[in-house]
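Dear colleague,

Please find below the sequence and structure that I am handing over to you. My notes on what was found follow directly after.

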Amino acid sequence: MLLLPIAGFLLLALAGSRLEKMLGKRAVGALAVLPIAVAFGITSYLTQQLAGIDAAHRSIVMSGPSWIDIMGLRIPFELLVDPLSMTMSLIITGVGSLIFLYSTGYMGAEREYSRFFTYMNLFAAAMLLLVLGNNLLLLFVGWEGVGLCSYLLIGFWYKDLANAKAANKAFVVNRIGDWGLTLGLLLITALVAGTTRHVPDARYLSYDAILPELKIALERHPDMATLAAFLLFIGAAGKSAQFPLYLWLPDAMAGPTPVSALIHAATMVTSGVVLLNRMHVVFESAPLASTVICGIGAFTALFAALIAFGQTDIKKVLAYSTVSQLGFMFIGCGAGAYWAGIFHVTTHAFFKALLFLGAGAVIHAMSHNQDMRNYGNLKKYMPITFTTMVIGTLAISAIGIPGVFGFAGFYSKEALLGPALGDTNGDMGGVSALALSGQIGLFVAVLTAAYMMRLTWLTFFGKERWRTQPIVAEDHEEGAHEDAQPRLATLDSDPYGFFLSSEPKSVEEHDHALTSDHTPKEVSPSMWLPLVVLAVLSVGGGYVLENNGLLEKWLQPSSAPVTSFVPAEAPSWLPMVSAGAGLLGLVFGLIVANAEKFDLAKWSGLRLWARNQFGFDELMTNFAVQGGSELAVVLDEGVEVGLIDRIVNGSAGVAAWIGKVLSVAQRGLVRSYAVLMLLGGIAILSYMMLGGKH
């Protein structure tokens, strides 16, 4: 499983360009897809074998060669086959295979075709190492690997300055999270090393060795448990885009759409949820940290959902949707339902990959235009894309009939919010912090259905606005690189907006505006076939996993092998309220999508504010970049030059002055030395004669 994507990466890196010239892009595409597809087959077989083992023994360590052996530190290369690692591997390889197949068509016009799939295979390999590695160091290697690959793929069109900046932003923001993760891992290692119980040296950081010891160490040092939990959460927040470290993920849309699908559905952003699950004993030993995680998840879900309303770029809507959905996952993990977090990771992979790939099909058909205000009535021209994206919309909106059937998101959202809503430890006027987070989650479910209905309506229904509107290019569109096809327009006005209206264009921009007679059409089978498969999973995947508590029973050995922590029971009214929230959101979104019938002038300020993330992105940028620059100037002029240089130069000056004074007595003249000796003798005798000691 792990070596196949690595082999694909090496083959394409070393010989991809030559193979492309010799055999063509189809052959290179097949070589790119084959490793991840075969890895999915192996993963499926291993999962089937693991399911046949007794639940108490579903944790198998596969030892490899010696990896690190430095004096007393010996760490082997070990992989862990357990329900958590296999569930994540199925997502990475299964959904990843569909994204790879889709990419062969979507990226068919790119000049550097083999370079793209080189990075994609490395991305899959790094994520597999993250979830399969059986110790903290292998997790860290995979963690940094997916960070590197996201940088390479977000900045794939690196000649465009905006894309390069987006890649840099992702890389830098994730370093903040990695700082927290590194300190957390070091603290955990120190805590376990301080226990009196025996830990095998050769497997010092292996999960099966460290987790039981860690639970004991944290019980002895509860303050350290809270600190370790917060540090690990900083790492998880960086990768999984939780407030305030979400800033990199929307800008990641600068990369090709298949990259967005892979990052959002199958790889990088799920890393934080995996970390919370794998190191669950830390968070279960730190209830304060878990409550904070739940609260930040709720705020992130709400904040991102509101921003999603303000977007007209179809990919940006889905990007903020991912940030919001990740907030749901953190609500569940903060409430102790770790398995539910992975449940939503799984269903989210189905419908979010579907939505991103469907958006990519629309962008592809619309000559790389990403503005939904330029779409309309595309259901007539793209029936397969339309049908599958409607299914994706219903899945993310958690539409279902309690006790009968629901789309994938219906079951996983209920599993996430139930433990939070069921918490009865009131500490906020009779309402617990966890319950309040769950209530916010229900409200966000309404918003989610609303902005997704708005996206679907503006894209596939209404007038064919793309026939008559002027072409005005926007930044960060996929067509903004040198190999781009001509793009369609963005509108000057915003009759279909809710929280967003574009700023008026200048006369010069109007003069250069063009119109297009381009007619969109359905994408090729290599692109719509993955959409169909993902649509089937979005319809029935949640029901199959939920049936008889299959996923909960499957993940239970991994989620709680050394703890008795039991999350709260979900309230009985949740299924009905959850279903109602989704339906209410769809109706509200339909009203929003037809908002040209209402007076939007009074909302213009709020729309522009939402477009700019309510000013938070600018605030953080000013604080980190401009504020950091000003701080550097103060440190340079005030501290470096004004203090440190003066101390150093002053010390040197004093030393030089002392040396100059003493040099008077060291001129090399014998008669001078004789005079000094005479004067010294006279001084000593005078002291003795005038009452000094004899």
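Thr-93 touches Ile-36, Ala-39, Phe-40, Thr-43 and Leu-128, not counting residues up to four places away in sequence; a contact means heavy atoms within 4.5 Å. Thr-93 belongs to helix 3 (residues 83-106); helices (H or I, at least four residues) and strands (E, at least two) are DSSP runs, numbered from the N terminus. With a relative accessible area of 0%, Thr-93 is buried; buried means under 20% relative accessible area, exposed over 50%, and partly exposed in between (1.4 Å probe, protein chains only).

Please note that this is a predicted model, in which local features need pLDDT of at least 70, side-chain atom pairs count only at pLDDT 80 or more, and totals for chains, interfaces and linings use all residues. Residues are numbered from 1 along each chain as its sequence is written, and side-chain values use heavy atoms, with hydrogens and water left out.

Ile-384 and Glu-522 are 138 residues apart in sequence, yet their C-alpha atoms are 7.3 Å apart in space.

Next come the helices themselves. Buried residues of helix 5 include Leu-136, Trp-143, Cys-149 and Ile-154.

The axes of helix 13 (residues 287-309) and helix 18 (residues 433-460) come within 9 Å and cross at roughly 20 degrees; axes are lines fitted to C-alpha atoms, for helices over the stretch in contact, and angles run from 0 to 180 degrees between N-to-C directions. Helix 13 is therefore roughly parallel to helix 18, a label for angles under 35 degrees. Among the residues that meet are Thr-291 and Phe-309 in helix 13, and Ala-433 and Arg-454 in helix 18.

Finally, some backbone details deserve attention. A cis peptide bond joins Phe-243 and Pro-244, with omega about 5 degrees. Pro-244 is in the loop between helix 8 (222-239) and helix 9 (248-251). Asn-377 is not a glycine, but has a positive phi of about 60 degrees. Asn-377 counts as buried, at 14% relative accessibility.

Yours sincerely

Note on methods: Angles under 35 degrees count as roughly parallel, over 145 as roughly antiparallel, 65 to 115 as roughly perpendicular and the rest as oblique.
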